[in-house]
Amino acid sequence: MLDRKKLGAKLKEIRKMRGYSLRDLEELCGVSRTTTSLYERGKMENISLATLEKIAKVLKIDLGRLLAECGDENFKLQETSEEFDTLFFARVSELSPQAKQNILSYLEFLLEQEGKGKKQRRKRRVKEQEG
């Protein structure tokens, strides 16, 4: 489970270390002071990946590493599909053409594997029903 207080304390520590006030951060990343304050105090119930990414970008920190330090592998962000898509495409747009091609190839591989898995499960169900 994500330790919200630990996440908040780290965000606040890094923000202060960088010399930013809550107002500065609001101006730089567009996240309200109220929201940032809730995150920093560990009081935010639904953590938004898009919001954390905006804050992390301004603070120049690796969001994945930060989350790993503050939680475990079972932590799931409460982002919407739209937030995820926006973040994903924003990050992909920063990549080189070769890296984009690599991602596309990997996505095709994943889709193929997922399709094979579905076909195999379907075949097993049919065999179970026949036998």
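**Which way, left-handed or right-handed, does H2 pass H3?** H2 passes H3 in a right-handed crossing; a crossing is right-handed if the near helix is turned clockwise from the far one by less than a right angle, and left-handed if anticlockwise. This is a predicted model, where local features need pLDDT of at least 70 and side-chain atom pairs count only at pLDDT 80 or more, while totals for chains, interfaces and linings use all residues. Residues are numbered from 1 along each chain as its sequence is written, and side-chain values use heavy atoms, with hydrogens and water left out.

**View 1. Here H2 packs against helix H3 (residues 33–40).** Helices are DSSP runs (H or I, at least four residues), numbered from the N terminus. The axes of H2 and H3 are 9 Å apart, at an angle of about 115 degrees. Axes are lines fitted to C-alpha atoms, for helices over the stretch in contact, and angles run from 0 to 180 degrees between N-to-C directions. On the H2 side you'll find Leu22, Arg23, Leu25 and Glu26, meeting Arg33, Thr36, Ser37 and Glu40 of H3.

**View 2. Now look at H1 crossing H5.** Their axes come within 9 Å and cross at roughly 135 degrees, so H1 and H5 are oblique to each other (under 35 degrees is roughly parallel, over 145 roughly antiparallel, 65 to 115 roughly perpendicular, and the rest oblique). Lys6, Leu7, Lys10 and Leu11 of H1 make the contact with Leu66, Leu67, Glu69 and Cys70 of H5; contact means heavy atoms within 4.5 Å. Five of these residues are nonpolar, three are charged and none is polar.

**View 3. Zoom in on the largest nonpolar core, with 21 residues.** Such a core is a set of buried Ala, Val, Leu, Ile, Met, Phe, Trp, Tyr and Cys residues joined through side-chain atoms within 4.5 Å. Leu7, Leu11 and Leu52 have the most contacts inside it. Helices H1 (4–17), H2 (22–29), H4 (49–59) and H5 (63–70) each give two or more residues, and H4 gives the most, with six. Leaving aside neighbours within four places in sequence, Leu7 touches Leu2, Ile47, Leu52, Leu66, Leu67 and Cys70.

**View 4. Last stop: lysine 60, in the loop between H4 and H5.** Its phi is near 60 degrees, a positive value in a residue other than glycine. Lysine 60 is exposed, with a relative accessible area of 65% (exposed is over 50%, buried under 20%, partly exposed in between, with a 1.4 Å probe and protein chains only).

Key:
Ala, Val, Leu, Ile, Met, Phe, Trp, Tyr, Cys and Pro count as nonpolar, Asp, Glu, Lys and Arg as charged, and the others, Gly among them, as polar.
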